[in-house]
Amino acid sequence: MPDIDGCEIDWQLSVRIAEEISMATKFEISLREALSRETNLERQDIIRLRLAAHSAAAGNIQGAASAIATARLDQTVNPVRQAWLNLAESIVAFYSEQVDVAISEGRRGHAIASIDRNARLLSTLSSAWLSHYYRNLCDVAETISWLTVALEYTEEGFAEANGRLSLVLADGWLEAGRADEAERWYRRSRAVASIMGDAALTGALIYNRAAMHVSNARVDAALGTPTSKPPVRNTNPPD
């Protein structure tokens, strides 16, 4: 089996995941269908901003930025709408390599959302993204802090937040050398991505998992220790 930097690649698994990405459009379609059915103008704006946040996470920065610019023209005062706008801007900034702006907007959005008891999904999603940002900065204390907040707010039905939350936990366990725990959380995140048809989350799973295995292999090589093998894929449903 081919390998990169000592990490074996399961090509059959890669092909299956790639096929999932190619057809993983359910989440975006569901939001667009909800938008077409919605008659309330303020709720339409909120759905558009959820789409913008999702587009940014999927790599469509230009499309997300355009939607944000349009939303900025509307001066309607709606705290939940504003919080979704902050989150969308936060994700765009993160993928535009403006991490300070991403954190600032993410924190602002979370602060606004946490005031409204009906915005728990947004509070959880903002917290999950903030933990993602801080993990990328290797700030363990802030990562754990925002993971704790996300776990406090989350509910079973918050799929888009729980998928991101599970991904951050999986990456953290894998980076710590606990491939067994990482696999459990990767399976949870992938299950959410499959149910939602979330191509952005599926792509992040593939990239992060591969990058972590390569990084761990390089550390093992530098220390002269046996290369850590990825865990055997468990086909059982997530816990």
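This is a predicted model: local features need pLDDT of at least 70, side-chain atom pairs count only at pLDDT 80 or more; totals for chains, interfaces and linings use all residues.
Local features were taken at pLDDT of at least 70 and side-chain atom pairs at pLDDT 80 or more, whereas totals for chains, interfaces and linings use all residues. Residues are numbered from 1 along each chain as its sequence is written, and side-chain values use heavy atoms, without hydrogens or water.

Side chains of opposite charge can pair when their charged atoms come close. A salt bridge is scored when a side-chain nitrogen of Lys or Arg lies within 4 Å of a carboxyl oxygen of Asp or Glu. Across the whole structure, the search returns 14 salt bridges. Three of them are described here, among them pairs formed by Asp45, Arg50 and Asp171.

Asp45 pairs with Arg48 through a salt bridge of 3.1 Å, N to O. Both residues sit in helix 3 (residues 41-57). Helices are DSSP runs of H or I with at least four residues, numbered from the N terminus. Asp45 and Arg48 are 3 residues apart, so about one helical turn separates them. Asp45 is buried, at 16%. Arg48 is partly exposed, at 39%.

Helix 3 also takes part in a link to helix 9. The side chains of Arg50 and Glu160 form a salt bridge of 2.1 Å, N to O. Arg50 belongs to helix 3 and Glu160 to helix 9 (residues 159-175), so this pair ties together parts that are 110 residues apart in sequence. Glu160 is buried, with 14% relative accessibility.

A further salt bridge joins Asp171 and Arg135, at 3.6 Å, N to O. Asp171 and Arg135 are both buried. Elsewhere, shared partners bring Asp45, Arg48, Asp74 and Arg81 into one network of salt bridges.

Attention now turns to Ala102. This residue lies in helix 6 (residues 99-113). With neighbours within four places in sequence set aside, Ala102 is in contact (heavy atoms within 4.5 Å) with Ser90, Ala93, Phe94 and Tyr133. Ala102 and Tyr133 are 31 residues apart in sequence, yet their C-alpha atoms are 7.9 Å apart in space.

Definitions and conventions: Helices (H or I, at least four residues) and strands (E, at least two) are DSSP runs, numbered from the N terminus. Buried means under 20% relative accessible area, exposed over 50%, partly exposed in between (1.4 Å probe, protein chains only).
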